Amino acid sequence: MRRIFAAACIALGLLAACSGDQPPEGAVHVARVDGTVGPIMARYIDRVISDAEDRNARLVVLELDTPGGLDTSMREIVQRIGRADVPVAVYVAPIGARAASAGTFITMAGHIAAMAPNTAIGAASAINADGSDIGGTLGKKIENDAVAYIRGIAELRGRNADWAEQAVREAVAVNENEAARLDVVDFVAADLDDLLRQCEGRTVTLRPGVTAELTGLLAAPRINLEMTVWERFLAFIADPAVASLLLSIGFLGIIIELFSPGLGVPGVAGAIAVILGFLGFGLLPVDTAGLVLIALGLALVAAELFVTSGILGAAGAVAIVLGAIIAFRDTPADFRPPAWAFATAGGILLAVLLLLIALVIVADRSARRARSDPFAF
């Protein structure tokens, strides 16, 4: 009976996640895009543009502030803007923001590219995920490929392709005034109202042969679209630094389970951490990672039927819920879990980490005792 009740609660939660108020048609959709460029950001932008297309929005404004990120995710975002059926303005904002590295590609890919005062763009040279330089023939191949890609973006939008190449080859960067003077962006806008005012009346090319005229922007309703709580949580996990930590902890947990079979917690927690780490590095697509977690969770729940430890069932439930959050992108933007939920989740993660460290210490001491007394029975 308890299991049926728990399943019903999960089903109601998923139904609630798919519901929400629909914005009016003909609006200006404004999305805040900040942080590292990664798979979650790419999915978030895809959701924003898709929603704008469904609601016949007049314009999508991506307020961008990023230090850069993954090449694969950047290309997904550029491609999504390229096939959008609504105009997309990439606005480097707020004051003090930057569109560095991968952000340079995204900004120049916008149908409209603008920058707020005291912002910067450029420094788009490719580096390894750990921040080190890429040398040798591989480095040349990656650099030339990036140059060809950003020149194609700039030429498509009628922007300064020579400067774009310099941003990749020489890591040059400029402020907003210099960017406007060099035709890197279209104009400098003091705020969102100024951006819409300068966009009014422009005709943009969505793709060859398809144009759109920007009219009625100032009078149109504005819809602010933010990352949901779940998307921000996943974006945090997908940060390269966090993903590296997850992979390290995950493999450590699996190794502990292999050397001390039957513990359960290190192996299960390690498997989940490895999947999340692969998601963070873009080695697993977002939807695939979610489905893998759901499959792992179902397998653990099935194993619980034969091994009644309680650990496998609980871990399976966690994996299923986490996988559902990752796989199903439509979550309510206005949903805010209570503070105790974050405290509980943080406490559980800390407890698992401390448990893994304790198990490593115990395993190390056991190994030392075995080496000091090899004939003990």
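The side chains of Arg 80 and Asp 46 meet in a salt bridge, 2.6 Å from N to O. A salt bridge here is a side-chain nitrogen of Lys or Arg within 4 Å of a carboxyl oxygen of Asp or Glu. Arg 80 lies in helix H3 and Asp 46 in helix H2, so the pair ties together parts that are 34 residues apart in sequence.

This is a predicted model, in which local features need pLDDT of at least 70 and side-chain atom pairs count only at pLDDT 80 or more, while totals for chains, interfaces and linings use all residues. Residues are numbered from 1 along each chain as its sequence is written, and side-chain values use heavy atoms, with hydrogens and water left out.

Side chains of opposite charge can pair when their charged atoms come close. The structure holds 15 salt bridges. Three of them are listed here, each involving helix H3.

| Pair | N to O distance |
|---|---|
| Arg 80 and Asp 46 | 2.6 Å |
| Arg 80 and Glu 53 | 2.9 Å |
| Asp 71 and Arg 75 | 2.9 Å |

Arg 80 is buried, at 6% relative accessible area. Buried means under 20%, exposed over 50%, and partly exposed in between (1.4 Å probe, protein chains only). Asp 46 also counts as buried, at 19%. Glu 53 lies in helix H2 and Arg 80 in helix H3, so this second pair ties together parts that are 27 residues apart in sequence.

Asp 71 and Arg 75 both lie in H3, four residues apart, about one turn of the helix. Asp 71 is partly exposed, at 40% relative accessibility. Arg 75 is buried, at 18%. Elsewhere, salt bridges that share partners join Glu 143, Arg 151, Glu 155, Asp 162, Glu 165 and Arg 169 into one network.

**Sheet**

The protein has 14 helices and 11 strands. Helices (H or I, at least four residues) and strands (E, at least two) are DSSP runs, numbered from the N terminus. Strands of a sheet pair through backbone hydrogen bonds, either parallel or antiparallel. Two strands count as paired if DSSP finds at least two bridges between them.

Six strands form an open sheet in the order E8-E5-E3-E2-E1-E11, with parallel pairing. Its edges are strand E8 (187–188) and strand E11 (222–225), each pairing on one side only.

Strand E1 (residues 28–34) and E2 pair in the parallel sense over seven bridges. His 29 stands opposite Val 60 in E2. E1, H2 and E2 make a right-handed β-α-β unit. Right-handed means that, with the strands pointing away from the viewer, the path from the first strand over the helix to the second runs clockwise.

On to strand E3 (residues 88–92): five bridges join it to E2, and the two run parallel. Val 61 stands opposite Ala 89 in E3. The chain crosses from E2 through helix H3 (residues 71–82) to E3, and this β-α-β crossover is right-handed too.

Strand E5 (residues 112–115) pairs with E8 in the parallel sense, over two bridges. Ala 114 stands opposite Phe 187 in E8.

Strand E2 (residues 59–65) is mostly covered, with six of its seven residues buried.

**Cores**

A nonpolar core is a set of buried Ala, Val, Leu, Ile, Met, Phe, Trp, Tyr and Cys residues joined through side-chain atoms within 4.5 Å. The largest has 53 residues. Leu 62, Phe 105 and Ile 121 have the most contacts inside it. Helix H2 (residues 39–54) gives the largest share of this core, seven residues. Apart from it lies another core of 23 residues, including Ile 40, Ala 238, Val 268 and Leu 322.

Which residues does Ile 121 contact, leaving aside neighbours within four places in sequence? Among them are Ala 99, Thr 104, Met 115, Trp 163, Val 172 and Val 185. Contact means heavy atoms within 4.5 Å.

**Whole protein**

Buried residues make up 43% of the 377 residues. Among contacts between residues at least 6 apart in sequence, 71% join residues at least 24 apart. The accessible surface comes to about 19100 Å², of which 63% belongs to carbon and sulfur atoms. Accessible areas come from the Shrake-Rupley method with a 1.4 Å probe; for residues, only the protein chains shown count as cover.
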